[in-house]
Amino acid sequence: MIKYDVSALGELLIDFTYSGISEQGNSLLEVNPGGAPCNVLALLNKCGRTTNFIGKVGKDQFGYLLQDTLKELKIGIDGLCFDEEVKTTLAFVKTFENGDRDFAFYRNPGADMMLTEGDVKEEQIKNSSIFHFGTLSMTHEEVCKATEKAVKIAKENGVLISFDPNLRIPLWKDLDRAKEKMEYGLSQCDICKISEEEVEFLTGEKDIKKGAETLRKKFPVKLFQVTAGAEGSYAFYKDLIVYQPSFKLGGTIETTGAGDTFCGSILHGVLDRDIEHLTKEDLEQMLTFANAAAYLVTTKKGAIRSMPEVEEIKKIIEENK
């Protein structure tokens with residue numbers, strides 16, 4: 001029985017973003033609930049999908065704040081666990097004038113790293129149409145085992161697997177291991193959302209099409225999408241290569257969550273279609289919707305609480321045909 005459209009496993013944390021200067025001249029920080037897997041689920045919830053988050057937070061003020069946020073936004077918390085000893089993971093995000101970001105993580109350890117195989121419940125994975133994960137839940141041994149258990153359950157039960165490499169270099173002691181885990185994800189998934197920078201990291205190829213082709217020859221991903229930042233996005237599917245430009249409408253504040261919003265939008269589109277029989281028109285529609293949603297989230301701070309409504313996304317598309 002399908003209970004969840006999408007279950008996602010991984011990090012749930014607090015993003016502290018700079019938010020002006022106090023009267024005393026000190027930097028002000030805004031508390032933004034974040035974490036790539038939940039960003040994906042937040043967009044899916046806006047699209048009316050049923051979701052489930054699998055991950056761990058600390059038994060502290062931030063952990064309870066995150067739990068309350070997910071409840072408020074109707075993101076499923078059946079898989080949310082609390083760690084008695086390790087605190088909730090924190091990230092401090094500095095945004096540059098062009099919207100790019102620099103991350104400083106407080107995660108040595110962080111509660112999201114404490115997820116164990118025993119915390120992963122088979123029924124939650126089995127009862128999902130899509131299972132989504134990334135590499136931040138593979139940086140350390142125990143949480144990596146938990147992730148691989150979830151992927152194995154999904155594989156054995158015919159659940160579609162979605163993967164986002166989501167490379168965060170500061171969190172890896174060894175970039176060879178990061179590459180190994182990214183390649184593991186690519187070897188297991190049916191759907192992949194990857195950035196042009198990550199394609200270059202894995203292949204050494206700056207040309208998106210050449211890099212994508214290299215990865216597709218090695219890994220049997222059914223639907224492979226590459227995001228190219230402000231330039232748009234590509235979908236590679238069977239013999240089709242589809243490109244859709246981004247929405248350059250101004251008003252961008254920061255790019256936090258843009259890739260996750262894109263990813264959630266694609267999963268929303270897949271849920272309405274047969275992944276074995278997608279058409280060029282399907283891919284164009286999915287990329288356009290995802291690009292529009294990603295643009296809208298860049299006009300707000302944070303991600304989980306900043307996801308656009310479906311009507312907003314449709315309006316942007318309609319007004320910019």
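At a relative accessible area of 54%, Tyr106 counts as exposed; the classes are buried (under 20% relative accessible area), partly exposed (in between) and exposed (over 50%), for a 1.4 Å probe and protein chains only. The structure is a predicted model, in which local features need pLDDT of at least 70 and side-chain atom pairs count only at pLDDT 80 or more, while totals for chains, interfaces and linings use all residues. Residues are numbered from 1 along each chain as its sequence is written, and side-chain values use heavy atoms, with hydrogens and water left out.

In one of them, Phe92 and Tyr106 are arranged edge-to-face, with a centre-to-centre distance of 5.2 Å and an angle of 70° between the planes. Two rings of Phe, Tyr or Trp (its six-membered ring) pair if their centres lie within 6.5 Å; planes under 30 degrees apart are stacked, those over 60 are edge-to-face and the rest are tilted. The Phe92–Tyr106 pair links distant parts of the chain, since Phe92 belongs to strand S6 (residues 90-95) and Tyr106 to strand S7 (residues 101-106), 14 residues apart. Strands (E, at least two residues) and helices (H or I, at least four residues) are DSSP runs numbered from the N terminus. Whereas Tyr106 is exposed, Phe92 is partly exposed, at 22% relative accessible area. A second pair, Tyr234 and Tyr243, has ring centres 4.9 Å apart and planes at 45°, so this pair is tilted. Here Tyr234 is buried, at 16%, and Tyr243 is partly exposed, at 37%. Ring pairs also join Phe92 and Tyr106 with Phe16 and Phe62 in a cluster.

The largest nonpolar core has 54 residues, of which Leu12, Leu223, Ile266 and Val270 touch the most other members. Such a core is a set of buried Ala, Val, Leu, Ile, Met, Phe, Trp, Tyr and Cys residues joined through side-chain atoms within 4.5 Å. Helix H9 (residues 280-297) makes the greatest contribution to this core, with eleven residues. Another core of 40 residues lies apart from the largest one, and its members include Cys81, Ile161, Val221 and Phe236. When neighbours within four places in sequence are left aside, Ile266 is in contact (heavy atoms within 4.5 Å) with Leu223, Gln225, Met286, Leu287 and Ala290.

Helix H10 (residues 310-319) has Val310, Ile313, Ile316 and Ile317 as its buried residues. Viewed down the axis of H10, these residues fall within an arc of 130°, so they line one face of the helix; the arc is that of the directions from the helix axis to the C-beta atoms. Glu311, Lys315 and Glu319 are exposed on the other side of H10. The buried residues of H10 pack against helix H1 (36-46) and against H9.

Phe289 is located in helix H9 and is buried, with a relative accessible area of 13%. Not counting residues up to four places away in sequence, Phe289 touches Ile313 and Ile317, as well as Cys47, Ser265 and His268. Ile313 and Ile317 are among the buried residues of H10. Val310 is another of these buried residues; the C-alpha atoms of Phe289 and Val310 are separated by 9.3 Å, although the two residues are 21 residues apart along the chain.
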